[in-house]
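Colleague: Please show me the sequence and the model, and then let us discuss a few local features in turn.

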Amino acid sequence: LSDCLACDSCMTSEEGARVFQQNQKELFRILNLNKKCDTSKHKVLAVSICPQSLPYFAAKFNLSVNDAAKRLCGFLKSLGVHYVFDTTIAADFSLLESQREFVQRYQRRNQEEHALPMFASACPG
(Lines give C-alpha, C1' and ligand atoms only; values in the text may rest on other atoms or scores of the structure.)
Protein backbone atom coordinates (compact mmCIF):
# COMPACT_ATOMS: atom_id res chain seq x y z
CA LEU A 1 0.00 0.00 0.00
CA SER A 2 2.92 2.35 0.43
CA ASP A 3 3.23 2.47 -3.38
CA CYS A 4 -0.43 3.41 -3.88
CA LEU A 5 -0.81 6.68 -5.75
CA ALA A 6 -4.24 7.26 -4.19
CA CYS A 7 -5.64 8.00 -7.62
CA ASP A 8 -8.99 6.76 -6.33
CA SER A 9 -9.91 5.19 -9.65
CA CYS A 10 -9.62 1.57 -8.64
CA MET A 11 -12.10 1.41 -5.79
CA THR A 12 -15.11 2.89 -4.11
CA SER A 13 -14.85 4.66 -0.76
CA GLU A 14 -16.14 1.52 1.00
CA GLU A 15 -13.42 -0.59 -0.60
CA GLY A 16 -10.91 2.14 0.19
CA ALA A 17 -11.77 1.91 3.88
CA ARG A 18 -11.17 -1.85 3.78
CA VAL A 19 -7.84 -1.45 1.96
CA PHE A 20 -6.77 1.20 4.49
CA GLN A 21 -7.26 -1.41 7.24
CA GLN A 22 -4.87 -3.77 5.47
CA ASN A 23 -1.48 -2.52 6.55
CA GLN A 24 1.60 -3.80 8.33
CA LYS A 25 0.54 -2.43 11.71
CA GLU A 26 -2.87 -4.11 11.51
CA LEU A 27 -1.30 -7.39 10.33
CA PHE A 28 1.04 -7.53 13.31
CA ARG A 29 -1.76 -6.53 15.68
CA ILE A 30 -3.87 -9.50 14.51
CA LEU A 31 -0.87 -11.85 14.56
CA ASN A 32 -0.19 -10.89 18.18
CA LEU A 33 -3.84 -11.27 19.16
CA ASN A 34 -3.93 -14.72 17.56
CA LYS A 35 -0.89 -15.77 19.60
CA LYS A 36 -2.59 -14.75 22.85
CA CYS A 37 -6.09 -16.17 22.37
CA ASP A 38 -7.72 -19.56 21.99
CA THR A 39 -7.43 -20.95 18.43
CA SER A 40 -11.23 -21.01 18.18
CA LYS A 41 -11.17 -17.20 18.44
CA HIS A 42 -8.39 -16.61 15.89
CA LYS A 43 -8.97 -14.22 13.05
CA VAL A 44 -8.17 -15.92 9.76
CA LEU A 45 -5.36 -14.17 7.91
CA ALA A 46 -5.02 -14.47 4.14
CA VAL A 47 -2.24 -12.88 2.11
CA SER A 48 -2.23 -12.48 -1.65
CA ILE A 49 1.04 -12.25 -3.53
CA CYS A 50 1.07 -10.54 -6.90
CA PRO A 51 3.27 -12.00 -9.65
CA GLN A 52 5.32 -8.78 -9.90
CA SER A 53 6.65 -9.06 -6.35
CA LEU A 54 8.20 -12.51 -6.66
CA PRO A 55 10.97 -11.57 -9.16
CA TYR A 56 11.92 -8.71 -6.83
CA PHE A 57 12.38 -11.09 -3.88
CA ALA A 58 14.13 -13.62 -6.09
CA ALA A 59 16.66 -11.05 -7.31
CA LYS A 60 17.15 -9.50 -3.88
CA PHE A 61 17.99 -12.86 -2.28
CA ASN A 62 19.62 -14.48 -5.32
CA LEU A 63 16.95 -17.20 -5.65
CA SER A 64 14.87 -18.64 -8.43
CA VAL A 65 11.33 -17.26 -8.62
CA ASN A 66 9.95 -20.65 -7.49
CA ASP A 67 12.29 -20.75 -4.49
CA ALA A 68 11.39 -17.16 -3.60
CA ALA A 69 7.68 -18.06 -3.73
CA LYS A 70 8.18 -21.10 -1.50
CA ARG A 71 10.30 -19.21 1.01
CA LEU A 72 7.99 -16.20 1.12
CA CYS A 73 4.99 -18.48 1.63
CA GLY A 74 6.84 -20.39 4.37
CA PHE A 75 7.88 -17.16 6.06
CA LEU A 76 4.34 -15.77 6.05
CA LYS A 77 2.94 -19.02 7.44
CA SER A 78 5.64 -19.07 10.13
CA LEU A 79 4.36 -15.65 11.22
CA GLY A 80 0.87 -17.07 11.62
CA VAL A 81 -0.77 -16.36 8.27
CA HIS A 82 -3.35 -19.04 7.50
CA TYR A 83 -3.56 -18.79 3.71
CA VAL A 84 -1.21 -17.47 1.05
CA PHE A 85 -2.60 -17.00 -2.46
CA ASP A 86 -0.85 -16.29 -5.74
CA THR A 87 -2.84 -13.74 -7.73
CA THR A 88 -1.35 -14.72 -11.10
CA ILE A 89 -4.56 -16.41 -12.16
CA ALA A 90 -6.53 -13.27 -11.32
CA ALA A 91 -4.21 -11.25 -13.56
CA ASP A 92 -4.73 -13.81 -16.33
CA PHE A 93 -8.52 -13.50 -16.00
CA SER A 94 -8.22 -9.73 -16.11
CA LEU A 95 -6.24 -9.92 -19.37
CA LEU A 96 -8.77 -12.33 -20.88
CA GLU A 97 -11.66 -10.03 -19.95
CA SER A 98 -9.85 -7.00 -21.39
CA GLN A 99 -9.20 -8.95 -24.58
CA ARG A 100 -12.88 -9.98 -24.82
CA GLU A 101 -14.06 -6.41 -24.27
CA PHE A 102 -11.65 -5.06 -26.89
CA VAL A 103 -12.83 -7.56 -29.51
CA GLN A 104 -16.47 -6.61 -28.82
CA ARG A 105 -15.69 -2.90 -29.03
CA TYR A 106 -13.65 -3.38 -32.20
CA GLN A 107 -16.55 -5.20 -33.85
CA ARG A 108 -18.92 -2.36 -32.86
CA ARG A 109 -16.57 0.46 -33.88
CA ASN A 110 -18.66 1.47 -36.90
CA GLN A 111 -22.01 1.31 -35.06
CA GLU A 112 -21.04 3.14 -31.86
CA GLU A 113 -19.25 6.45 -31.72
CA HIS A 114 -17.55 5.68 -28.39
CA ALA A 115 -16.64 2.01 -28.95
CA LEU A 116 -12.99 2.97 -29.50
CA PRO A 117 -10.56 3.89 -28.17
CA MET A 118 -10.64 1.55 -25.23
CA PHE A 119 -8.44 2.41 -22.29
CA ALA A 120 -7.24 -0.32 -19.95
CA SER A 121 -4.80 -0.14 -17.10
CA ALA A 122 -3.23 -1.96 -14.24
CA CYS A 123 -2.50 -0.11 -11.02
CA PRO A 124 1.02 1.36 -11.18
CA GLY A 125 1.38 0.84 -7.42
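Colleague: What is the relative accessible area of Tyr83?

Modeller: This is a predicted model, in which local features need pLDDT of at least 70 and side-chain atom pairs count only at pLDDT 80 or more, while totals for chains, interfaces and linings use all residues. Residues are numbered from 1 along each chain as its sequence is written, and side-chain values use heavy atoms, with hydrogens and water left out. Buried means under 20% relative accessible area, exposed over 50%, and partly exposed in between, with a 1.4 Å probe and protein chains only. Tyr83 is partly exposed, because its relative accessible area is 46%.

Colleague: How are the rings of Tyr83 and Phe85 arranged?

Modeller: Rings of Phe, Tyr and Trp (its six-membered ring) pair if their centres lie within 6.5 Å; planes under 30 degrees apart count as stacked, over 60 as edge-to-face and the rest as tilted. By this rule the count comes to three aromatic pairs. For Tyr83 and Phe85, the centres are 6.1 Å apart and the planes lie at 20 degrees, so the pair is stacked.

Colleague: Which residues form the largest nonpolar core?

Modeller: A nonpolar core is a set of buried Ala, Val, Leu, Ile, Met, Phe, Trp, Tyr and Cys residues joined through side-chain atoms within 4.5 Å. The largest has seven residues: Val47, Ile49, Leu54, Leu72, Leu76, Val81 and Val84.

Colleague: Which elements give two or more residues to this core?

Modeller: Helices (H or I, at least four residues) and strands (E, at least two) are DSSP runs, numbered from the N terminus. Those that give two or more residues to the core are strand E1 (46-49) and helix H4 (65-79).

Colleague: Is Asn62 buried or exposed?

Modeller: Asn62 lies in the loop between helix H3 (53-60) and H4. Its phi is positive, about 55 degrees, although it is not a glycine. Most residues other than glycine have a negative phi. With a relative accessibility of 71%, Asn62 counts as exposed.

Colleague: Which ring does the charged end of Lys60 sit over?

Modeller: A charge sits over a ring if NZ of Lys or CZ of Arg is within 6 Å of the ring centre and within 35 degrees of the ring normal. The charged end of Lys60 is 5.9 Å from the centre of the ring in question, that of Phe61.

Colleague: What is the peptide bond from Leu116 to Pro117?

Modeller: Pro117 is found in the segment after helix H5 (88-107). Most peptide bonds are trans. With omega near 0 degrees, the bond from Leu116 to Pro117 is cis.
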